[in-house]
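Hi,

Here is the structure I promised to pass on. Have a look at it first, and then read my notes below.

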Amino acid sequence: MALEKAELQPDEVWYIGDQYECDVEGSLNAGLLPIWYIGAIDLPYTEDKNILTVKTWSEIRQYMETLLV
């Protein structure tokens with residue numbers, strides 16, 4: 001509903017979250033680009049090489065800036 005109101009398509013939206021199952025898998029299933037924020041995770045995790053994974057918010061900003069150049 002949010003995408004519809006914003007007049008956006010799923011492939012135009014990034015979803016940033018810190019929970020793999022809910023945020024990453026959920027956004028993938030919705031057709032969004034998931035970004036997995038692991039900076040707040042204090043438990044062991046297995047990195048998924050197919051998902052953009054960041055540890056700091058500045059990494060997200062740097063990634064966005066490379067796309068805008």
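Before we start, one definition: helices here are DSSP runs of H or I with at least four residues, strands are DSSP runs of E with at least two, and both are numbered from the N terminus. Please also keep in mind that this is a predicted model.

Let's begin with the overall picture. Of the 69 residues, 23% are buried. The protein exposes about 5,400 Å², with carbon and sulfur atoms supplying 53% of that area.

Now for the sheet. The three strands form an open sheet in the order S1-S2-S3, and the pairing is parallel. Which strands sit at the edges? They are S1 (14–17) and S3 (52–54), each of which pairs on one side only. On average, neighbouring strands in this sheet are turned by 25° against each other, ignoring direction.

Helix H2 (residues 20–29) touches S1 and S2, and its direction makes about 165° with that of S2. Helix H3 (residues 57–68) touches S1, S2 and S3, and the direction of H3 makes about 165° with that of S1.

Next, a look at contacts and charges. Among the contacts with a separation of 6 or more, 14% are between residues 24 or more positions apart. As for charged side chains, the protein has 4 positive and 13 negative ones, and the centres of the two sets lie 7 Å apart.

Where does Glu 7 lie? You'll find Glu 7 in the loop between helix H1 (2–6) and S1. Most residues other than glycine have a negative phi. Glu 7 is not a glycine, yet its phi is positive, at about 55°. Is Glu 7 buried or exposed? The cut-off for exposed is over 50% relative accessible area. Glu 7 has a relative accessibility of 71%, so it counts as exposed.

Happy exploring!

Notes: Residues are numbered from 1 along each chain as its sequence is written. This is a predicted model: local features need pLDDT of at least 70, side-chain atom pairs count only at pLDDT 80 or more; totals for chains, interfaces and linings use all residues. Side-chain values use heavy atoms; hydrogens and water are left out. Two strands pair if DSSP finds at least two bridges between them. Axes are lines fitted to C-alpha atoms, for helices over the stretch in contact, and angles run from 0 to 180 degrees between N-to-C directions. Contact means heavy atoms within 4.5 Å. Buried means under 20% relative accessible area, exposed over 50%, partly exposed in between (1.4 Å probe, protein chains only). Accessible areas come from the Shrake-Rupley method with a 1.4 Å probe; for residues, only the protein chains shown count as cover. Lys and Arg count as positive and Asp and Glu as negative; His and the chain ends are not counted. The place of a charge is taken as NZ of Lys, CZ of Arg, CG of Asp or CD of Glu.
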